[in-house]
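Please read the following walk through the structure with the coordinates open beside you, and follow each residue in the order in which the paragraphs take it up.

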Amino acid sequence: MLPSSLSLLLALAGIATADTISIPLNRRSIYSNFTTDKVAAAAESLRFKYGYIPYSQKRAGQSSAIPIINQKTDSSYLGAVSIGTPAQQFSVVLDTGSSDLWVASTGCRSCDSETPSFDPTRSSTIQRIQTSQSGQSEVDIHYGSGQVAGIVAQDTVSMGGFTNTQQTMLVATQLSSGLLDGVASGIMGLAFEALASTESTPFWQGLLQGSQLATPEMSFWLTRELDNRNARENEFGGEFTLGGTNSSLFTGDIEFINLPSTSQQTFWLLSMTGATVQGKNVQVPTGNLALSAIDTGTTLIGGPTDGVKAIYDAVPGSVALTGDLQGFYAYPCSTEVQVSMSFGGKSWPIDPVDMNLGTIPSGQCLGGIFDLSQGSNVGSGGGNPSWVVGGTFLKNVYSVFRANPPSIGFAQLSDLAGTPSPGTSGSATISQTGLPVPTDANGSGNGTTSAALPAARPFSIALALIVSSMLALFITQ
């Protein structure tokens, strides 16, 4: 009989297909530094992003798990990327709601001195290029509470053993104040090329075009720490799989739903076809108002006014909030809010823990679904999503993003895809697996397991860096 630890490793790694790379994720917390103005600013950031504010080598035959920095419960999920020759390593937000890759550079005039920065002068393979439309080599990328500006360049970029030798990216030379802090150095967009301000082919699409992926898929298991009061700043965050799926992390079939037929793919979009609250059906908008971006870079769920109102109308004692929290709802903390959503077939339940963001000054609990269109005069149409479905939902499913045919799949999480048990700390393990939370070389549990990676440093990434991770710094219970 194999030792239990070896059996576990075989279960995790051996299930993935021969050319599949599985990348463990780490997560940032939303517990610390809660203020209502940060909640409001976060919502504005997400609304702005989705147009609601009117103003080549792979490691064949192996699976590769890369240790990533995990900070501050359930806020966002970061992956490790290497850039340049020789390689420089960074942690970036994995975001299916955007398409540009960018990192802060040593020439950044407004970056925090603590930000790990890419030094282009150290890379022998970097090339400055011009965008085809503007003929310029300098580009601005606008986010909800600021912008990133820099030089468009090409260089060697690697993740999980896969490499694009001519990956277009933005070398950031200027950031709006507060956009970046700590160990996060930028963002890797995982949506479609048409969204890229740098006119670049996103990293994952470049791998696909280079026939590096075993299958045209990327998959996510996102863990939960929201109910762990003793969660450390850095915790194990799940797994990002390039080129396939890890069948040990889900059970049953993957329900694939095709993306809407359009002339050009932009966001990863589905149409929400139904929702239930407390076990009863509620009426959600149809047509364009049902378009939903499935976004790993967003913390919560944002939706249209009528749909969000219908959900909370079915929650006894819920109230719409005003002022800085306009668009949010609160409800009695004694209520377990049970919401399920469907996008063409099965109804997928959301754990009540994910719906409860914590207590606000009124003594009620803040809900994890908010009105995305509040304060906007933007109407439906134009292909923009009316719903943005982030971690509040995605922590409850195994999600698969498939390029051909363009579709998104959901599956039920397996027992193996557990989360740390509430109330544990120190020698925390991932329940059901026995896997330890990643620790650094000093055993401090800061989320790194390789001496090649920089040790984690405390940080709180500003909301605009996360872009679609709209509540990066909030909520304490």
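L325 is buried, with a relative accessible area of 7%, where buried stands for under 20% relative accessible area, exposed for over 50% and partly exposed for the range in between, computed with a 1.4 Å probe on protein chains only. This leucine sits in the loop between β18 (319-320) and β19, and its C-alpha atom is separated by 9.7 Å from that of L366, a residue 41 positions away along the chain. The model is a predicted one, in which local features need pLDDT of at least 70 and side-chain atom pairs count only at pLDDT 80 or more, whereas totals for chains, interfaces and linings use all residues. Residues are numbered from 1 along each chain as its sequence is written, and side-chain values use heavy atoms, with hydrogens and water left out.

The disulfides come next, a disulfide being taken as a pair of cysteine sulfur atoms within 2.5 Å. By this rule the count comes to 2 disulfides, and with the bonded cysteines numbered in sequence order the pairing reads 1-2, 3-4. One of them joins C108 and C111, whose sulfur atoms are 2.1 Å apart, and the link is right-handed, with 80 degrees about the S-S bond. C108 counts as buried at 11% relative accessibility, and C111 is buried as well, with a relative accessible area of 18%. The other joins C333 to C365, again with 2.1 Å from S to S; the torsion about the S-S bond of this pair is about 110 degrees, so the disulfide is right-handed. This pair links distant parts of the chain, since C333 lies in the loop between β19 (329-331) and β20 (339-342) while C365 lies in strand β23 (residues 365-367), 32 residues apart. Helices (H or I, at least four residues) and strands (E, at least two) are here DSSP runs, numbered from the N terminus.

From the cysteines we turn to a sheet. Here 5 strands form an open sheet in the order β13-β16-β25-β17-β24, with mixed pairing, where two strands pair if DSSP finds at least two bridges between them. Its edge strands are β13 (269-271) and β24 (369-371), each of which pairs on one side only. Neighbouring strands of this sheet are turned by 25 degrees against each other on average, direction ignored; axes are lines fitted to C-alpha atoms, for helices over the stretch in contact, and angles run from 0 to 180 degrees between N-to-C directions. Strand β17 (residues 301-303) pairs with β24 in the parallel sense over 3 bridges, and I301 stands opposite I369 in β24. Helix α4 (residues 305-313) packs on the sheet, touching β17, β24 and β25 (387-389), and its direction makes about 135 degrees with that of β24, contact meaning heavy atoms within 4.5 Å.

The structure holds 6 salt bridges. One of these brings together the side chains of D313 and K309, at 2.8 Å from N to O; both residues lie in helix α4, 4 residues apart, about one turn of the helix. D313 is exposed, with a relative accessible area of 52%, and K309 counts as partly exposed at 40% relative accessibility.

Elsewhere, the side chains of D74 and K395 meet in a salt bridge of 2.8 Å, N to O. That pair links distant parts of the chain, with D74 in strand β2 (residues 74-83) and K395 in the loop between α6 (391-394) and β26 (398-403), 321 residues apart. D74 is buried, with a relative accessible area of 3%, and K395 counts as buried at 6% relative accessibility. K395 also forms a salt bridge with D354, the closest N and O atoms being 2.8 Å apart; because K395 lies in the loop between α6 and β26 and D354 in helix α5 (residues 352-355), the pair ties together parts that are 41 residues apart in sequence. D354 counts as buried at 0% relative accessibility. Together, D74, R224, D351, D354 and K395 are linked in a network of salt bridges.

Conventions:
A salt bridge is a side-chain nitrogen of Lys or Arg within 4 Å of a carboxyl oxygen of Asp or Glu.
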